[in-house]
Amino acid sequence: MASLKFDDNNVPYLDLGDGYRIALEGDEYTDAKSKEKAARELRETPDVVEQSLQELRALLEGEQTLYVPMDNDPFMIKFLRPCKYYAQSAFELIKRYYRFRSKHPDLCDELYPASVKHVYAEGLVHFLPLRDQHGSRILVLECGSK
């Protein structure tokens with residue numbers, strides 16, 4: 001069963017046992033295979049990324065009710081990547097994200113790994129220790145009664 005632990009820098013990770021652990025990865029993939037897949041599936045090329053960031057910033061500047069860290073490229077890419085770098089779609093996603101956060105502060109405020117430790121302790125969430133053939137992590141949710 002997975003257990004939530006913290007490394008020396010107080011960064012949370014899941015210890016899966018037998019030497020396997022899962023942690024948030026802040027680094028981008030740099031190998032040629034991953035870059036080619038991102039270009040093919042997500043339109044993620046340096047030119048498209050730069051143009052999308054500029055377009056998204058322009059859209060956000062026109063929205064007076066949102067306070068978004070527009071100078072934080074990794075934050076902006078979190079919304080652009082799932083929208084395949086279409087700025088208008090990412091803009092709508094950001095608006096939905098902030099709308100959800102404002103409507104449901106009980107679910108979003110103080111959401112830290114330690115506050116949901118019970119989810120891992122009760123075995124409701126499992127991460128498989130190895131990735132699939134495409135390099136994706138596999139998450140298993142136990143839903144319903146056991």
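## Packing of α3 against α4

In this predicted model, the axes of α3 and α4 approach within 8 Å and cross at roughly 100 degrees. The two helices are therefore roughly perpendicular to each other, since angles of 65 to 115 degrees fall in that class. On the α3 side the contact is made by Phe75, Phe79 and Leu80. On the α4 side Ala87, Ala90, Leu93, Ile94, Tyr97 and Tyr98 take part. Sorted by class, the contact of α3 with α4 has nine nonpolar residues, with no polar and no charged ones.

The loop between α3 and α4 holds Lys84. Lys84 has a positive phi, near 55 degrees, and is a residue other than glycine. With a relative accessible area of 40%, Lys84 is partly exposed, because that value lies between the limits of 20% for buried and 50% for exposed.

## Aromatic pairs

Three aromatic pairs are found in a search of the whole structure. One of them joins Phe79 and Tyr97, with 5.3 Å from centre to centre and 65 degrees between the planes. The geometry of this pair is edge-to-face, because the angle is over 60 degrees. The pair links distant parts of the chain: Phe79 belongs to helix α3 (residues 73–80) and Tyr97 to helix α4 (residues 87–103), and the two are 18 residues apart. Both Phe79 and Tyr97 are also among the residues that make the contact between α3 and α4.

Phe79 counts as buried, at 7% relative accessibility, whereas Tyr97 counts as partly exposed, at 32%. Tyr97 also pairs with Tyr98: the ring centres are 5.0 Å apart and the planes stand at 75 degrees, so this pair is edge-to-face as well. Tyr98 has a relative accessibility of 23% and counts as partly exposed.

## A charge over a ring

Elsewhere in the model, an arginine and a tyrosine are placed together. The charged end of Arg43 sits over the ring of Tyr86, at 3.9 Å from the ring centre.

## The chain as a whole

The chain has six helices and five strands. The C-alpha trace spans about 45 × 40 × 35 Å along its principal axes.

Of the 146 residues in the chain, 23% are buried. Among contacts with a separation of 6 or more, 42% are between residues 24 or more positions apart.

Asp18 lies in the loop between β2 (12–17) and β3 (20–23). Although Asp18 is not a glycine, its phi is positive, at about 55 degrees. The relative accessibility of Asp18 is 78%, so this residue counts as exposed.

Terms used:
Residues numbered from 1 in each chain as written. Predicted model: local features only at pLDDT ≥ 70, side-chain atom pairs only at ≥ 80, totals over all residues. Heavy atoms only, no water. Phe/Tyr/Trp six-rings, centres within 6.5 Å; stacked < 30°, edge-to-face > 60°. Helix = DSSP H or I, 4+ residues; strand = E, 2+ residues; numbered from the N terminus. Buried < 20%, exposed > 50% of the residue type's maximum accessible area, 1.4 Å probe, protein only. Lys NZ or Arg CZ within 6 Å of the ring centre and 35° of its normal. Axes fitted to C-alpha atoms, helices over the stretch in contact; angles between N-to-C directions. Parallel < 35°, antiparallel > 145°, perpendicular 65-115°, else oblique. Contact = heavy atoms within 4.5 Å. Nonpolar A, V, L, I, M, F, W, Y, C, P; charged D, E, K, R; others polar.
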